[in-house]
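These are my notebook entries on one protein chain. I record what I looked up, in the order in which I looked.

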Amino acid sequence: MKILVVSDTHGCAERLVSVREKVGEVDALIHAGDIEGQEDYIRNLFECPVFMVAGNNDWGSGLKRELTFRIDDYRIFVTHGNSYGVSLGTERLLDEALARRADICVFGHTHYPTLFSKENVTMLNPGSIAYPRQIGRKPTYGLIGINEKHVASFRIEQID
């Protein structure tokens, strides 16, 4: 199983076309917010389940601010992260992920790719394909792979 993880597309969702071409077919897409009105466009790009949450720039979108769902053996918590102060650190968000018994926590907001595990929760911020902020400013996205033994792997990739 292959899950594409993105965030902070900020109205530049057409950049997902090159990501889709690079990674091939995916079994699910997770978007951690700041979509800016392109929800339908994104849903139409992918022939798989699409999970999206509202970010701080998604006024009036109708998207939920947070989602918790299962894929395979994994409980996934998705939020944009601004409500948990992720620009200042991930401690509050990790606490919430633990309270929700999440195995994976996907978030965005900082435009900075982040991947680490703590207290049995994998924290994944895919960065931004529109406005990256890390050194080098390369657009990034995340991939979650789940093999036939139900073991998950995680990575962050750059768009060249």
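**Entry 1: the nonpolar core.** The model is a predicted one. I began with the largest nonpolar core, which has 20 residues. Within this core, Leu4, Leu16, Val19, Leu29, Ile42, Phe46 and Tyr141 touch the most other members. The most comes from α1, which gives three residues. I also found another core lying apart from this one, with 18 residues, among them Val5, Ile76, Leu124 and Ala152. I note as background that nonpolar side chains in soluble globular proteins tend to be buried together.

**Entry 2: helix α1.** I turned to α1, which covers residues 16-23, and found that Leu16, Val19 and Val23 are buried in this helix. Where do the buried residues of α1 fall when seen down its axis? They fall within an arc of 55°, so they line one face of the helix. I next looked up what covers the buried residues of α1, and the cover includes β1 (2-6), α2 (39-45) and β9 (140-146). For valine 19, I left aside neighbours within four places in sequence and found contacts with Leu4, Ile129, Tyr141 and Ile159. After α1 comes glycine 24, with a positive phi near 80°.

**Entry 3: the sheet.** I traced an open sheet of five strands, in the order β4-β5-β6-β8-β7, and its pairing is mixed. Which strands stand at the edges? They are β4 (66-71) and β7 (114-118); each has a single partner strand, so one side of each is left without a neighbour in the sheet. On average, and with direction ignored, neighbouring strands of this sheet are turned by 20° against each other. I looked at β7 and β8 (residues 121-125) in detail: the two pair in the antiparallel sense, over five bridges. Serine 117 has threonine 122 in β8 as its bridge partner. Helix α3 (residues 91-99) lies across β5 (74-79), β6 (104-106), β7 and β8, and runs at about 130° to β8.

**Entry 4: glycine 127.** This residue is in the loop between β8 and β9. Is glycine 127 buried or exposed? Its relative accessibility is 0%, so I count glycine 127 as buried. Leaving aside neighbours within four places in sequence, I found glycine 127 in contact with Ser7, Asp8, His111, Tyr112, Pro113 and Thr140. I also looked up glycine 108, which is 19 residues from glycine 127 along the chain; their C-alpha atoms are separated by 6.5 Å.

**Entry 5: aromatic pairs.** I searched the whole structure and found two aromatic pairs. In one, the rings of phenylalanine 51 and phenylalanine 69 have centres 3.9 Å apart and planes at 5°, so the pair is stacked. This pair links distant parts of the chain, with phenylalanine 51 in strand β3 (residues 50-52) and phenylalanine 69 in strand β4, 18 residues apart. Phenylalanine 69 has a relative accessible area of 12% and is buried. For phenylalanine 77 and tyrosine 84, the ring centres are 6.3 Å apart and the planes are at 90°, so I record that pair as edge-to-face. Both phenylalanine 77 and tyrosine 84 are buried.

Note on methods:
Residues numbered from 1 in each chain as written. Predicted model: local features only at pLDDT ≥ 70, side-chain atom pairs only at ≥ 80, totals over all residues. Heavy atoms only, no water. Pairing = 2+ DSSP bridges. Helix = DSSP H or I, 4+ residues; strand = E, 2+ residues; numbered from the N terminus. Axes fitted to C-alpha atoms, helices over the stretch in contact; angles between N-to-C directions. Contact = heavy atoms within 4.5 Å. Buried < 20%, exposed > 50% of the residue type's maximum accessible area, 1.4 Å probe, protein only. Arc of directions from axis to C-beta. Core = buried A, V, L, I, M, F, W, Y, C linked by side-chain atoms within 4.5 Å. Phe/Tyr/Trp six-rings, centres within 6.5 Å; stacked < 30°, edge-to-face > 60°.
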